[in-house]
Structures are given as structure tokens and as C-alpha cells.
Amino acid sequence: MNQTIEENRGKKTEFAKRAIVRYILDAKLRCGDRLPAQQELRERLNLSAATIVRAIQALKEEGILLVRDKVGVFVRTDQTDGLIGRTIGLLAVQMENSVFYAVMAQLLHQELLRQGCRAVLFSRKPLADDNYFVSADFPGLESAVRQHQIDGLIDTSGLYGELYEFLVRNRLPVTYVGSPWPVASGVVIDLMDFCRRALVRLREEGFRRPAVVIGGGRIRDYIWPEFVRGLEGFPDVRDAASLYLEAERVTDGRLLAARLLLRKPEERPDSVIFVDELIGSDFLAGLLVAQERTKHYRPQIISVCSRQQAAGMPDSRVWYFEKDPVALAEQAVRHLMRQLRSGEVRSEVEFYRFRAVPEVPFFFGHPEYAQMLLTADDRVPESVMH
């Protein structure tokens, strides 16, 4: 029994420590700034005086606070890195073919830590019914929510269904970050704006038959209407469906190149928009290898590129729009922190837009270099080589 009492006391002390650190971070207190009186802290945190005293003593021993008898409690250091005021869950589906979301998980973790938050990952592998999630799909999440072990959630999976309803009932602040999705709150990558601006530039430059390469599934519901509207004014467009090309994996790029080379020249797009630069690179490598001696078909490419890893494509004529995963992670964390600091669960959607940039360096401008990108089993079929 005494052990149980001591464990409960320790949990309350840890909770109070986190709450005090959270106050320091949210109020942006600096070294030498004074904390509110203990009476005010008790009212703010709804904890007993004894718990507040234990928490202040613990933070004093850790070098975070300075206690001056009959004067007050003061912040002792400006070094807030590593101080944990909140615990945030990261919800993710393990996507074997998505480098972007693997990078985003790491960047979100880093930005949360910078904001004084500890990140806890809840993940699962994709299933056939990929987005109708239930609580059991993410082991440990339901328990963490019910026991108030996490203060908020950043979702990169696009959840809905039973799990989303469970989170709403428990009034847990949730911020989604990712591609277009029917979410109530979060930061949506504005692929519709990218598609619209890319088509405008192609029309202004005199291209006649553009195509777009993007993932399938629900994302098509968002991009397809924008793409169809954007095709107005292109003189050689007769069948919009033949210009909407789906690709999920990086190696789908070379297969797409092979399929387009099988089309009659007048049926091929004269320009192609890529949302995924890795698929775009694979596509261009496939074209270079298949047409090593002819090079008859070289469509204009517009592609997204990463600000932090602008590797370039095997073509010096590519037009780029820049994505900044670091800025996207920062925007998503800011979105969640506003909810947490206000104490309100808000329905608020923001958009993240790409930026048009000059050409980035290209490293594979010759067929022999492109051939190196493809293994013997992956090369474009001989039937479409020439």
C-alpha cells in the first residue's frame, strides 16, 4: 500500500514538473524571470500545495529553477533544449515506398523537441481498407489517450472512422499534415495549387498536350477536377483521362516511360507534371536509356524538388517547384501548439504551397549515367528502345 501511495505521489510530481516547464516554454520566460506565486500555480494546475512544492524542489535540483526564500522562484537557465512540457503522439502508417513521410516523421520529432515536447510514435502497416482506422490498429494509442498520457496528436496517415471519432470524444487536439484529405484540422499540402500553376506556365509557354503523374486513390478526387479545368485552352487535348497518369512507387517511372513510348507520337504528352521527383527521375532515366540513339521524345518536365535534397533530374530543362519539409513540419507543429496553448480543440485547415524556383543542378545528363540508375532487371524493354 505504501508503495502504491509513493507511486501516485511520484506521478503527480512528474505531472506538476511538466506543467511548470510547459508554463515556462509557453510564456517564453528567460533566465532570471520570476514564476507566479505558488498559490497561483496551484490554481492554474489544480494540484495540491505539497505536489507543487515537490515539483519545484525537483526542478531546482535539476538546475532549471532557483528558489530564493521569501523572494520567489526564478528561472535559472536560458537553455530550454531538452525540457519536456508536453507529450505528443505521432500517428503514421508504415509506407514502404514513401521517402517523404519517413523524412517528415523525423522532422516532426525534431521540431516537437525544439518546442519542449516529447514525441511518441504510434504506427501500423497499411491494410486493404487503408484509412478506416479503429483504435486497435495503433497499439498503445487508446490506452495513452484514456490515461491522458499524451497532450495532442500529429497525424500523417489521414485517419477517419472509429478512431477519429474516439479522439474527438476525448477532446484530444489533432493536427493532420500531408496530401489533400478530408480533415477537420491540419496542414494540407496544396497539390491543387501546384497543378494549377504548373498548367498555367505550360499554357503560357505554348505547350499543347500536358499530362500529370500522381498517386491514385482518394487523392485523385482532389487533383482530377483541378486538372480537367486546367486543360482548357490546350489545343491538342481530346481525352483528359489519357493524360492523368498514376504512379505510386519510384520504379513506376520507368514503366510509365515505356508505356508512353508505345503510344503513337501524336498521342504522347508534350509535357509532364510530377509531384514526386524520384518518380520523375526514374521516368527520365527510362526515356534516356530507351532512346539512347534517337532521343525523339523528350517532353518538358515540371517537378517538385526538395529544398534540403535538390538532387536534380537527368535533364537540364526541368522546371522546378520547391517543397521545404522543414518548413512544413514547423507549420504543422505551430498549428498543434496553438490548439494546446489556447486549450481549445479547433477545426482549422491551413495550406502549404510549393514555391517556383530556378533550375537546380542536374547530375545525369547522358544515357550512360541514366543506365547506371537501372539494374539489369529493371531496364526498359527492348521492344520500346528504338
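Colleague: Where does Val99 lie?

Modeller: In this predicted model, Val99 lies in helix 4, which covers residues 99-114.

Colleague: What does Val99 form together with Val103, Val250 and Leu278?

Modeller: These four residues make up a nonpolar patch on the surface, and their accessible area together is about 270 Å². A patch residue needs over 30% relative accessible area, and Val99 has 47%.

Colleague: What makes Asp193 and Arg353 a salt bridge?

Modeller: The rule asks for a side-chain nitrogen of Lys or Arg within 4 Å of a carboxyl oxygen of Asp or Glu. For Asp193 and Arg353 the N to O distance is 3.9 Å, so the pair counts as a salt bridge. The pair links distant parts of the chain, 160 residues apart: Asp193 is in helix 7, and Arg353 is in the loop between strand 13 and strand 14.

Colleague: Is Asp193 buried or exposed, and how do you know?

Modeller: Buried means under 20% relative accessible area. Asp193 has 9%, so Asp193 is buried. Arg353, at 46%, is partly exposed.

Colleague: How do you know that Asp236 and Arg208 form a salt bridge?

Modeller: Their closest N and O atoms are 2.8 Å apart, and the cut-off is 4 Å, so the pair qualifies. Asp236, at 24% relative accessibility, counts as partly exposed, and so does Arg208, at 40%.

Colleague: Why do Glu277 and Lys323 count as buried?

Modeller: Glu277 has 15% relative accessibility and Lys323 has 13%. The limit for buried is under 20%, so Glu277 and Lys323 both count as buried. They form a salt bridge, with the closest N and O atoms 3.5 Å apart. Glu277 is in helix 10 and Lys323 in strand 12, so this pair ties together parts 46 residues apart in sequence.

Colleague: Which residues do salt bridges that share partners join into one network?

Modeller: Asp190, Asp193, Arg196, Arg197, Glu226, Arg229 and Arg353 are joined in that way.

Colleague: How many salt bridges does the rule give?

Modeller: The count comes to 20 salt bridges.

Conventions
Residues are numbered from 1 along each chain as its sequence is written. This is a predicted model: local features need pLDDT of at least 70, side-chain atom pairs count only at pLDDT 80 or more; totals for chains, interfaces and linings use all residues. Side-chain values use heavy atoms; hydrogens and water are left out. Patches are made of residues with over 30% relative accessible area and no salt bridge: like charges are joined within 9 Å, nonpolar side chains (Val, Leu, Ile, Met, Phe, Trp, Tyr) within 5 Å. Accessible areas come from the Shrake-Rupley method with a 1.4 Å probe; for residues, only the protein chains shown count as cover. Helices (H or I, at least four residues) and strands (E, at least two) are DSSP runs, numbered from the N terminus. Buried means under 20% relative accessible area, exposed over 50%, partly exposed in between (1.4 Å probe, protein chains only).
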